[in-house]
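Please read them with the structure open.

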Amino acid sequence: MPVTALVVIWGFAATLTIEQGQQLLRIQKVYDNIVYPVSEAINELQSERFVSVSYLAWRTSALRTDLQVQRRKTDATAVLLTRLSEQARDETPSAMWDRVQDLIRQMDRLDVLRGQVDDQRLTRLDVIEEYSAVVETAHQVYDRLMISPDIDIIEQTKALILITRSRELVSQQSALVLGAQASGRMTQDERDAFSGMVGKRRLLYQLGTSQLDAGLLKQYGTLNSTPVYTSFVSLEDDVIARVRPGQPLPPEAIAWPTTAQALTRQLTETTNAAADATAARAVPLAQGVLWNIGIVGALGLAAVLATAFISFRFARTVTGELSTLHRAAADLAGRRLPDLVRRLRRGEDVDVAAETPPMAQASDTVEIENVGRAFTSVQHTAIEAAVGQAELRKGVNKVFLNLARRSQSLLQRQLGMLDGLEKEITTPTCWNGCSASTTSPPACAVTRRA
């Protein structure tokens, strides 16, 4: 039992440790087969959105060629995501897997949206919103991501997801100002949409960076001080303050798409670097889990071997004493007690004290000694009960013998009476006292009966 208990505890601890290691392996597999392909899909969808708006704005053959090339890249990314995600299906949480399947289905239906773009049945703002809906589904995959069991790494990952969403809004702004530049003016809907994008972008970026620790925040602090970022913030302020719906754009609007695209690239590079740094923090955790597996395995195995050795030596002593006790009990049940019963049946007298010697000698193990005493008590009780039963049977036999003798005496008396009655009725007599031999049958009265 001690060895079994120790093995169970060791197995439980080892199972918990190994599960942590397997969880890290599952996280790595989900990252390689889900997170990375989804990130590539987001990039290609953003590029296709930008080129689609460019094509709607200028309708040149060169842009048409670029659009076809970009669509093939997006389709290839969808195929890659479908293939890789199947390899991590068992490791992917169900909620995350559902979002991945939604993204794949929406990417498979892009041909409908592309046909509307080719036929110019959608406005530039409609195209931006349609592609943004697909990208939003991709971001929902990230929302259900569990990158590590460590709370700090989870918080940093969630912060980077917020910043990634803000980068998506920068990409939307880039496509919107591109279309406005092509037409030379913004509609009321486009300006309202741009204002909403600005508010969401700044809120998400502020929330994301505020949750980063000092190491990761430093990278975004450097980005915020670059001319690209400051120019983009000025672009947002200019559009909100100076652009009027239906009015010509200011002269500096020619640089807006370039500025937005440049910031998108900078945000992508910075976010990727921060994501790599966050992932690198999980490496010591994995190494710690591996060390724990080794330590738990080694110490547990040593404890099991030591316990097994001690238990083996103890078991040898206990087994010898138990074997002696077993032989004594078997001798009582198989030889002594049946022999005693046969003697009692023959009517022999039995001395209970002489027939109940101790069944076990003194032992170093208190429990074994107590068991021996209990067997001796059982032996004494069994023999005493057998002798009592024999005495009871003798008494019952005497009672039946006395009853038989009394019954025999009564029978003898009854037989004597019957003999007398038989002798009495051998000469029948009439009721009037005449003899049956001297009186005719009709004159004879009813014969006396015994």
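Is aspartate 111 buried or exposed?

1. Aspartate 111 is exposed, because its relative accessible area is 54% and the cut-off for exposed is over 50%. Keep in mind that this is a predicted model.

2. The partner of aspartate 111 is arginine 114. The two form a salt bridge, with the closest N and O atoms 3.4 Å apart. Both residues lie in helix α4 (residues 110–118). They are three residues apart, about one turn of the helix. Arginine 114 is buried, at a relative accessible area of 5%. The pair also belongs to a network of salt bridges that links Glu48, Asp75, Asp111 and Arg114.

3. On the overall fold: the protein has 11 helices and zero strands. Of its 450 residues, 36% count as buried. The structure holds 17 salt bridges.

4. Another of the salt bridges joins the side chains of lysine 29 and glutamate 91, at 3.7 Å from N to O. Lysine 29 sits in helix α1, and glutamate 91 in the loop between α2 (61–87) and α3 (94–108), so the pair ties together parts that are 62 residues apart in sequence. Lysine 29 counts as partly exposed, at 32% relative accessibility. Glutamate 91 also counts as partly exposed, at 23%.

5. Glutamate 252 and arginine 242 meet through their side chains in a salt bridge of 2.0 Å, N to O. Glutamate 252 lies in the loop between α9 (227–242) and α10, while arginine 242 is in helix α9, so parts 10 residues apart in sequence are tied together. Glutamate 252 is partly exposed, with a relative accessible area of 29%. Arginine 242 is partly exposed too, at 45%.

6. Next, the largest pocket. Its volume is about 480 Å³. The lining has 21 residues, and Tyr31, Val35, Tyr142, Asn272 and Ala275 lie nearest the centre. Two or more lining residues come from each of α1 (2–58), α6 (151–183) and α10 (256–345). Helix α1 gives the most, with seven residues. By class, the lining of this pocket has 11 nonpolar, seven polar and three charged residues.

7. Last, the surface. Leu392, Val396, Val399, Phe400 and Leu403 make a nonpolar patch of about 460 Å². Phenylalanine 400 lies in helix α11 (residues 366–424). Phenylalanine 400 is exposed, with a relative accessible area of 54%.

Terms used: Residues numbered from 1 in each chain as written. Predicted model: local features only at pLDDT ≥ 70, side-chain atom pairs only at ≥ 80, totals over all residues. Heavy atoms only, no water. Patch = residues over 30% accessible without salt bridge, like charges linked within 9 Å, V, L, I, M, F, W, Y side chains within 5 Å. Areas by Shrake-Rupley, 256 points an atom, 1.4 Å probe, with all protein chains shown as cover. Salt bridge = Lys/Arg side-chain N within 4 Å of Asp/Glu carboxyl O. Helix = DSSP H or I, 4+ residues; strand = E, 2+ residues; numbered from the N terminus. Buried < 20%, exposed > 50% of the residue type's maximum accessible area, 1.4 Å probe, protein only. 1 Å grid on protein atoms, 1.4 Å probe; cavity = no way out; pocket = protein on both sides within 12 Å on 5 of 7 lines; lining within 4 Å. Points joined across faces, edges and corners; volume = space filled by probe spheres on them. Nonpolar A, V, L, I, M, F, W, Y, C, P; charged D, E, K, R; others polar.
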